[in-house]
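Q: I have a model open and want to learn how to read it. Can we go through it feature by feature?

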Amino acid sequence: MIALGVDIGGSGIKGAKVNTETGELLSERIRIATPQPATPEAVAATLKELAAQFTDYEAIGCGFPATVHHGICFTAANIDQTWINTPVEKLFTETLGHPVFVINDADAAGIAEMKFGIGKDHQTGIVMMITVGTGLGSAIFVNGALMPNTELGHLILSDDIAEHYCSDAARQRQDLGWNKWGKRFNRYLQRLQFLFNPDLIILGGGASKSFSKFQEKIRVRTPVVPATTLNLAGIIGAAVYAAGETNAGHAPNITEAEEYIKNMLEAEAKHEKKKKQAVTPAEDADEDWQQL
């Protein structure tokens, strides 16, 4: 299938037509700067502008820097906070007038690497893809099957979120040399090894291109290798994901997204209300004593 793959990032929105059977790009990769602020409406309009420059594709897939579940964006660690609880598949589909499937960006990169990169020869066991850039993205594959939205960049490491401690952005922000940063990143990989015992760890994102500069600081028993699809992984993986969903007869979550969000928010509000109303007998006794 020929699909349009789009990689939505904090600084740029990149897209190209992809042969999803071979992973080959069938067009020039086009990049448009991400609007600032990157609100849902602004990003959707920029995506429409990008998609208008391509023709003759059967599906559209977008890699997005957030947890995407049931076509809804639930996190906003490195994007505008207004994305939280946004029905992103509904927004993009209605804006473009074409079905748009949305997947977490690290999951998209992992799909590309597992199908066309170094992961294609590792379809059994546990394979982890870690993207090292503005944050730390993660994708886990068990016997070749994706477990989506793992967000392992938010593990706690040295009393901080891991991506604040050893992402590529943290390296640049704190002006760390590759050796010092490599030691930090090694601690993160050691934590992943302890928790998941992966058979292979694949590094993607910007820092993976400099793997030779910190490779000697990586000391985990799990083999660690740089990705081979590099900066095209997000585009290719998003296209493959959209093709798979289309071939399976699935559709973006358009009709049920807002009802799902409504029910979720109502459940959260009910839970908070119960927490406020719950007063233990001991607390009642304290209040009675204070009134004497």
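Q: Where is Pro37 found?
A: This is a predicted model. Pro37 is in the loop between E4 and H1. Look at the bond just before it. The peptide bond from Gln36 to Pro37 is cis, with omega near 0°.

Q: How many helices and strands does the protein chain have?
A: Start with the inventory. The chain has ten helices and 15 strands. Its C-alpha trace spans about 80 × 50 × 40 Å along the principal axes.

Q: What percentage of the residues count as buried?
A: Of the 292 residues in the chain, 50% count as buried. Then look at contacts along the sequence. Take those between residues at least 6 apart in sequence: 63% of them join residues at least 24 apart.

Q: Which residues have the most contacts inside the largest nonpolar core?
A: The general idea comes first. In soluble globular proteins, nonpolar side chains tend to be buried together. Here the largest nonpolar core has 29 residues, and those with the most contacts inside it are Val6, Ile8, Cys62, Phe64, Trp83, Phe92 and Val102. E1, strand E4 (30–33), helix H1 (40–51), strand E5 (59–64), H2 and E8 each supply at least two residues of this core. H1 gives the most, with five residues.

Q: Which residues does Phe92 contact, leaving aside neighbours within four places in sequence?
A: Phe92 is in contact with Ile8, Val43, Ala44, Leu47, Cys62, Phe64, Trp83, Val100 and Val102, once those neighbours are left aside. There is also a second, separate core of 28 residues, which includes Met114, Ala227, Ile236 and Val240.

Q: How many residues of helix H2 are buried?
A: Here is how to think about a helix. An α-helix has 3.6 residues a turn, so residues three or four places apart point the same way. Now the case. H2 covers residues 88–96 and is mostly covered, with seven of its nine residues buried. Those seven are Val88, Glu89, Lys90, Leu91, Phe92, Thr93 and Leu96. Just after H2, Gly97 takes a positive phi of about 70°.

Q: Which residues other than glycine take a positive phi?
A: Two examples will do. Asn143 has phi near 50°, a positive value in a residue other than glycine. Asn143 sits in the loop between E10 and strand E11 (145–147). Ser158 is not a glycine either, yet has a positive phi of about 55°. Ser158 lies in the loop between strand E12 (156–157) and strand E13 (160–161).

Q: Why does Asn143 count as exposed?
A: Read the relative accessible area against the cut-off. Exposed means over 50%. Asn143 is exposed because its relative accessible area is 53%. Ser158 is partly exposed, with a value of 34%.

Q: Why does Thr67 count as buried?
A: The cut-off for buried is under 20%. Thr67 counts as buried because its relative accessibility is 13%. Thr67 is in the loop between E5 and E6. Its side chain makes a polar contact of 3.3 Å with the side chain of Glu151. Neighbours within four places aside, Thr67 is in contact with Ile72, Cys73, Phe74, Thr75, Asn104, Asn149 and Glu151.

Q: What joins the side chains of Arg171 and Asp168?
A: A polar contact of 2.8 Å joins them. Arg171 is in helix H5 (residues 168–173). At 15% relative accessibility, Arg171 counts as buried. Not counting residues up to four places away, Arg171 touches Leu176, Trp178 and Trp181.

Q: How much space lies in the largest pocket?
A: The largest pocket holds about 1,100 Å³ of space. Of the 44 residues that line it, the closest to its centre are Asp7, Asp105, Gly133, Thr134 and Gly205. The lining divides into 14 nonpolar, 21 polar and nine charged residues.

Q: Which element gives the largest share of the lining of the second largest pocket?
A: Volume again first. About 290 Å³ of space lies in the second largest pocket. Of its 19 lining residues, Val68, His70, Gly71, Val102 and Tyr241 are the closest to its centre. E8 gives the largest share of this lining, four residues. By type, the lining of the second largest pocket has nine nonpolar, seven polar and three charged residues.

Key
Residues numbered from 1 in each chain as written. Heavy atoms only, no water. Buried < 20%, exposed > 50% of the residue type's maximum accessible area, 1.4 Å probe, protein only. Polar contact = N/O pair within 3.5 Å; in protein donor to acceptor, adjacent residues only side chain to side chain. Contact = heavy atoms within 4.5 Å. 1 Å grid on protein atoms, 1.4 Å probe; cavity = no way out; pocket = protein on both sides within 12 Å on 5 of 7 lines; lining within 4 Å. Points joined across faces, edges and corners; volume = space filled by probe spheres on them. Nonpolar A, V, L, I, M, F, W, Y, C, P; charged D, E, K, R; others polar. Core = buried A, V, L, I, M, F, W, Y, C linked by side-chain atoms within 4.5 Å.
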